[in-house]
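Biologist: I have a new model open and would like to learn how to read its features one by one. Could you walk me through it?

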Amino acid sequence: MRFRKVAAQSGIDFVLENSPTAHKHLPETMAGGVAAFDFDGDGLTDIFFTNGAALPSLRKELPRFSNGLYRNLGGMHFRDVTASAGLNGKGFAIGASAADYDNDGHVDLFVAGIGNNTLYRNRGDGTFEDVTARSGISQDLWSVGAAWLDYDNDGKLDLFVVNYLKWSPDFDRFCGDARGRIRVYCHPRFFDGLPNRLYHNEGNGRFRDVSAESGIANHIGKGMAAAIADYDGDGFPDIFVTNDKMPNFLFHNLRNGKFEEVALTAGVALPDNGNDISSMGVDFRDYDNDGLPDIVETALSGETFPLFRNLGRGIFADSGYGTRMSPLSRNYAGWGVGIVDLDNDGWKDIFAANGHVNDRVETFEATPYKQHNAVFRNVMGRSFEDVSGGAGMEFQPPRAHRGCAFADFNRDGKIDVVVSALGEKPELWENVSPSTNSYLTLRLIGTRSNRDGIGSAIVVGDQTNTMTSAVGYASSSHDGVHFGTGKRSVVEKVEIRWPSGTKQVLANVRTNQVLMVREPER
């Protein structure tokens with residue numbers, strides 16, 4: 001695997017303004033969501049960056065606090081279209097999630113922040129409309145991110161919002177070494193948690209808060225990220241939520257509008273050692289090609305990145321040591337993460353955006369604050385190897401990385417990566433791996449299901465993947481469903497199970513293409 005850093009010549013001049021202060025307000029270290037999606041429908045994936053605000057006011061008082069939307073011009077070149085698109089934003093933004101919630105063929109955008117969530121409807125003419133007020137979506141909590149899903153398979157995308165802590169700018173507790181006057185960001189134990197929220201899409205641009213009636217509101221957490229997959233194969237999407245220094249949640253869809261929280265019995269609440277960890281980003285995909293979606297999450301240095309293997313029957317096993325992910329990740333502090341085939345060999349690899357939460361950590365521990373990103377190569381589903389320091393990787397600068405998104409930005413069939421970093425311009429990694437492996441990317445158009453086909457399960461040969469835009473930390477990747485296909489020039493059979501229940505089979509599909517697939521209407 002090889003990557004070339006091309007941000008400097010890409011035209012992306014965005015800087016992530018997290019507004020660090022001497023008071024160590026907690027949001028300062030939490031910023032940095034990224035969304036990759038084609039906002040103008042030209043077939044090229046664009047990039048959106050969330051941005052912070054002034055502290056303690058939580059207002060975008062200066063132009064430098066504007067969010068950023070960059071239109072893909074082709075050839076890894078981008079142009080800032082934030083102002084003309086109407087996406088400058090307001091308030092301290094954290095996360096972003098992209099999907100076509102109104103089924104009009106244009107990808108919309110939800111931006112999560114601190115008491116200031118915003119739903120932007122894509123008008124289809126290069127501009128967005130703030131429809132939050134009439135949508136019914138609340139803005140009163142600290143939201144970190146969100147995930148789009150059709151939890152009742154009615155053809156309309158619903159919204160799951162991840163909420164973090166009860167915090168306000170008035171909070172001014174000193175945390176750290178008072179004698180040495182070393183102040184740090186406070187541990188989450190000093191804050192009360194929050195319930196997440198689930199909004200049902202009623203159509204006509206309206207959403208209804210069903211958090212209580214669905215059972216979601218019964219569980220108080222300190223949410224950092226959510227990922228969506230049908231882990232038990234019953235045709236309805238389930239929700240996994242990482243929690244900061246407390247057990248994770250796995251919301252099992254009961255298919256009647258309600259969810260049951262089953263993380264402990266499923267084996268994904270905690271790693272096998274039973275320790276609460278600083279669970280950050282998450283992805284929910286099949287890494288070992290057994291047809292069942294697995295879970296990877298990031299955490300702080302010394303905690304390792306848990307990897308939960310789906311055994312079927314609703315049970316997962318901690319495979320961190322069996323696959324070597326635990327020892328390989330021990331020294332990293334991860335945020336964004338994705339399970340994606342970076343060398344197109346047919347086995348999904350793991351990418352992690354790294355950087356510690358505490359900018360003074362080096363005073364207390366032998367752990368660097370700024371870290372380089374990590375690429376863990378999948379060795380035939382049995383184990384992983386850290387190839388981050390290999391040839392073509394050594395250019396990585398150590399930074400306080402946060403969000404990341406994955407897409408084939410230059411349409412060469414290889415997945416590229418964009419990564420945010422506190423106080424700095426983003427990194428744009430062009431995948432220049434010299435492999436002769438082939439690929440197949442599917443872009444779905446639902447007719448009976450939601451327009452995006454989100455929630456569709458796809459089988460290509462011995463691989464499975466799910467159409468979802470929820471990935472990593474505070475970020476979103478909406479670029480179809482990518483498969484590395486090794487040396488194949490033709491895939492004998494592609495199977496798609498749409499959320500509506502429709503099953504579709506395509507025969508003898510040639511590789512090295514982006515294939516548009518429309519759901520059969522009956």
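This is a predicted model: local features need pLDDT of at least 70, side-chain atom pairs count only at pLDDT 80 or more; totals for chains, interfaces and linings use all residues.

Biologist: What is the angle about the S-S bond of Cys175 and Cys186, and which hand does the link have?

Modeller: The angle is 95°, and the link is right-handed. The pair joins distant parts of the chain, 11 residues apart. Cys175 sits in the loop between strand S11 (158-163) and strand S12 (176-177), while Cys186 lies in the loop between strand S13 (182-183) and strand S14 (194-195).

Biologist: Are Cys175 and Cys186 buried or exposed?

Modeller: Cys175 is buried, because its relative accessibility is 6%. Cys186 is buried too, at 9%.

Biologist: Now to the sheets. In what order do the strands of the open sheet of 5 strands come?

Modeller: Again, the idea first. Strands of a sheet pair through backbone hydrogen bonds, either parallel or antiparallel. In this open sheet the order is S5-S4-S3-S2-S36, and the pairing is mixed. Strand S5 (77-80) and strand S36 (476-477) are at the edges; each has a single partner strand, so one side of each lacks a neighbour in the sheet.

Biologist: How does strand S2 (residues 34-37) run relative to S36, and how many bridges join them?

Modeller: The two run parallel, joined by 2 bridges. If you look at Ala36, you will find that its bridge partner in S36 is Ser477.

Biologist: Stepping back, how many helices and strands does the protein have?

Modeller: There are 7 helices and 40 strands. The radius of gyration is 21 Å, close to the 24 Å that the globule rule gives for 522 residues, so the protein is as compact as a globular protein of that length. Its C-alpha atoms fill a box of roughly 70 × 50 × 50 Å along the principal axes.

Biologist: And what share of the 522 residues is buried?

Modeller: Buried residues make up 64%. As for the surface, the protein exposes about 18300 Å², with carbon and sulfur atoms supplying 48% of that area. Among contacts with a separation of 6 or more, 60% are between residues 24 or more positions apart.

Key: Residues are numbered from 1 along each chain as its sequence is written. Side-chain values use heavy atoms; hydrogens and water are left out. A disulfide is a pair of cysteine sulfur atoms within 2.5 Å. Helices (H or I, at least four residues) and strands (E, at least two) are DSSP runs, numbered from the N terminus. Buried means under 20% relative accessible area, exposed over 50%, partly exposed in between (1.4 Å probe, protein chains only). Two strands pair if DSSP finds at least two bridges between them. The radius of gyration is taken over C-alpha atoms; the globule rule is 2.2 Å times the number of residues to the power 0.38. Contact means heavy atoms within 4.5 Å. Accessible areas come from the Shrake-Rupley method with a 1.4 Å probe; for residues, only the protein chains shown count as cover.
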